[in-house]
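Student: I have a model open and want a quick tour. Can you walk me through it?

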Amino acid sequence: MLTAEIRVTLKEGVLDPQGTTLNRSLENIGYKGLKEVRMGKLIQLTLDLNDRAQAKELVEELCLKVLTNPVIEQYQFTIGEGK
Amino acid sequence: MKFGVITFPGSNCDYDCHQAVEEGLGLKPVRIWHRETDLQGCDCIILPGGFSYGDYLRTGAIARFSPVMQKVKEHAERGGLVIGICNGFQILLESGLLPGAMMVNRGLQFVCQTVNLSVERNDLAFTNKLEKKQVIRIPIAHKEGNYYLDQRSLKELEDNHQVVFRYCDQNGRISDAENPNGSQNNIAGIVNQKGNVLGMMPHPERAMEALLGSDQGRLIFDSIKAHLQKVG
């Protein structure tokens, strides 16, 4: 059984309202040394597949067509072994 | 002349749109479930507001895969009218019928208020009853209405005059102070290049009665009716 971990982040240059607000909040409660905060999503899939090439193909397609919006987001993923 | 209102699981403004067409225009709209693949000869398709499929992944991201959306695309390609309101607008963006994407509002809050809109175009099927630069009051109610497009595409959108409505003050002045969600260039509504697909965050179907705050949403529904009457 294989797993996939997909990291979805906002593209460079896209303003991140959540990250900006978190940055401000962290400063407000006294943390120093922050320059920028950007937030993203981590999507974990457990796959009913054993073939890595097949898994990669499926995850790539899911990322491109459904899980991310290419106008604002980019993604990276890793395929791993499930327990 | 036939209007169709599509219902996705999670749509919650479909009845309001239905009511707007029925009572506002005196026409009997068709209800279309998202699994259907027959638009029943509708001239104008309304994608209503709400939270299609819960909007858990991204707003409108799953709704665009509904069987009916392929037919809506074909309808739009043939030049048929499509108006997406709020979540309907988000679905149009996700399905690529309109350019851009919606981000969470810059204040991170769900914003529910009546806003002033500057009318940027009155030569469209959706706006022929409005005056250019007229200020209309229409409610918004959304958390993801922060319109984003990369700089080059945004310039293209502006150069092609695809912006139809902008958030403004009561005198029509467009400024950041009047921007409720952080949208680029105060964008509240856009059309495709052909001018037959409109997406807007404000809810004209909620502005049909002066008693309830504003009846200026009627102008948009009246425009569509007038246009369809003209083209026969």
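Tutor: Let's start with chain A, which has two helices and three strands. Helices are DSSP runs of H or I with at least four residues, strands are runs of E with at least two, and both are numbered from the N terminus.

Student: What are the ground rules here?

Tutor: This is a predicted model, where local features need pLDDT of at least 70, side-chain atom pairs count only at pLDDT 80 or more, and totals for chains, interfaces and linings use all residues. Residues are numbered from 1 along each chain as its sequence is written, chains are lettered from A and ligands numbered from 1 in the order in which they are written, and side-chain values use heavy atoms, with hydrogens and water left out.

Student: In what order do the elements of chain A run?

Tutor: From the N terminus, the order is β-α-β-α-β.

Student: What radius of gyration does chain A have?

Tutor: Chain A has 16 Å, whereas a compact globule of 83 residues would have a value near 12 Å. The radius is taken over C-alpha atoms, and the globule rule is 2.2 Å times the number of residues to the power 0.38. The C-alpha trace of chain A spans about 50 × 30 × 15 Å along its principal axes.

Student: How much of chain A is buried?

Tutor: 33% of its 83 residues count as buried. Buried means under 20% relative accessible area, exposed means over 50%, and partly exposed is in between, with a 1.4 Å probe and protein chains only.

Student: Zoom in on Leu34(A). Where is it?

Tutor: Leu34(A) is in the loop between α1 (17-28) and β2 (41-47) of chain A. At 33% relative accessibility, Leu34(A) is partly exposed.

Student: Which residues is Leu34(A) in contact with, leaving aside neighbours within four places in sequence?

Tutor: Asn23(A), Leu26(A) and Glu27(A). Contact means heavy atoms within 4.5 Å. As for Arg24(A), its C-alpha is 9.3 Å from that of Leu34(A), and the two residues are 10 apart along the chain.

Student: Switching to chain B. How many helices and strands?

Tutor: Chain B has five helices and 11 strands. Its radius of gyration is 16 Å, close to the 17 Å that the globule rule gives for 232 residues, so chain B is as compact as a globular protein of that length. Its C-alpha trace spans about 45 × 35 × 35 Å along the principal axes.

Student: What about burial and contacts in chain B?

Tutor: Of the 232 residues in chain B, 57% count as buried. Take contacts in chain B between residues at least 6 apart in sequence: 75% join residues at least 24 apart.

Student: How many positive and negative side chains does chain B have?

Tutor: 25 positive and 26 negative, with the centres of the two sets 3 Å apart. Lys and Arg count as positive, Asp and Glu as negative, while His and the chain ends are not counted. Each charge is placed at NZ of Lys, CZ of Arg, CG of Asp or CD of Glu.

Student: Is helix α3 of chain B covered or exposed?

Tutor: Mostly covered: α3(B), residues 87-94, has eight of its eight residues buried. Among them are Phe89(B), Ile91(B) and Glu94(B).

Student: What sits on either side of α3(B)?

Tutor: Just after α3(B), Gly96(B) takes a positive phi of about 80°. Cys86(B) lies in the loop between β4 (81-85) and α3 of chain B. Its phi is near 55°, a positive value in a residue other than glycine. Cys86(B) is buried, at 5% relative accessible area.

Student: Now His161(B). Buried or exposed?

Tutor: Exposed, at 54% relative accessibility. His161(B) is in the loop between α4 (151-159) and β9 (163-168) of chain B. Phi of His161(B) is also positive, near 55°.
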